[in-house]
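Biologist: I am new to this structure. Could you take me through it in short steps?
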Amino acid sequence: MKNIDTLILAGGKSSRLNYVDKLELKINNDKILDLVVQNAINKIYVVGDKRPTKINVTWINDLTKNGGPGVGVWSGLQVINCDYVLILAGDQPFIGHYVTELCQKATGNGSWLVDEEGMGNPLASCVKVSALKSSLEESGGVNV
């Protein structure tokens, strides 16, 4: 059995929504962030500004505020101690259907969702922590 924890990225600015915090928006009386959190597994880490959640999570500050998802992942990797990490974007309220599949298919360096056009989504993935740390270590997750 793989040792998998969850890292949710919640550090965006919501600039395309005129800076309204999209993770606080509701679907059927549940905040978008809560819908993502309820699909997380094991220890749940969330990178970004702290917000109230229905389920207890561990909040992590972005090492570089507004640095993008790579920095968010790198920030989370500083405290995560597991074999694989389930990485989810905080604005994916309907991801639950895919979580089990992502985790079951994570072998080698991991797995991620692929769309109809063959494009992989690293913000819906289950990745080997050591491989991720190794690939992000030099840049700290900053897109250079």
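Modeller: This is a predicted model. First, a term: a salt bridge is a side-chain nitrogen of Lys or Arg within 4 Å of a carboxyl oxygen of Asp or Glu.

Biologist: By this rule, how many salt bridges are there?
Modeller: Asp30 forms one with Lys54. Asp49 pairs with Lys65. By this rule the count comes to six.

Biologist: How many residues apart in sequence are the parts that Asp30 and Lys54 tie together?
Modeller: The closest N and O atoms of Asp30 and Lys54 are 2.5 Å apart. Asp30 lies in strand E3, and Lys54 in the loop between E4 and E5. So the pair ties together parts separated in sequence by 24 residues.

Biologist: Is Lys54 buried or exposed?
Modeller: Exposed means over 50% relative accessible area. Lys54 has 61% relative accessibility, so Lys54 counts as exposed.

Biologist: How many of the nine residues of helix H2 are buried?
Modeller: Helix H2 spans residues 69-77 and is mostly covered. Its buried residues include Val73, Trp74 and Leu77. Helix H4 is among the elements that cover them.

Biologist: Is H2 roughly parallel or oblique to H4?
Modeller: H2 and H4 pack with their axes 10 Å apart, at an angle of about 125°. That makes H2, relative to H4, oblique.

Biologist: Which residues in H4 do Gly70, Val73, Trp74 and Leu77 of H2 meet?
Modeller: The residues of this contact divide into six nonpolar, one polar and one charged. On the H4 side they are Val129, Leu132, Lys133 and Leu136.

Note on methods. Residues numbered from 1 in each chain as written. Predicted model: local features only at pLDDT ≥ 70, side-chain atom pairs only at ≥ 80, totals over all residues. Heavy atoms only, no water. Buried < 20%, exposed > 50% of the residue type's maximum accessible area, 1.4 Å probe, protein only. Helix = DSSP H or I, 4+ residues; strand = E, 2+ residues; numbered from the N terminus. Contact = heavy atoms within 4.5 Å. Axes fitted to C-alpha atoms, helices over the stretch in contact; angles between N-to-C directions. Parallel < 35°, antiparallel > 145°, perpendicular 65-115°, else oblique. Nonpolar A, V, L, I, M, F, W, Y, C, P; charged D, E, K, R; others polar.
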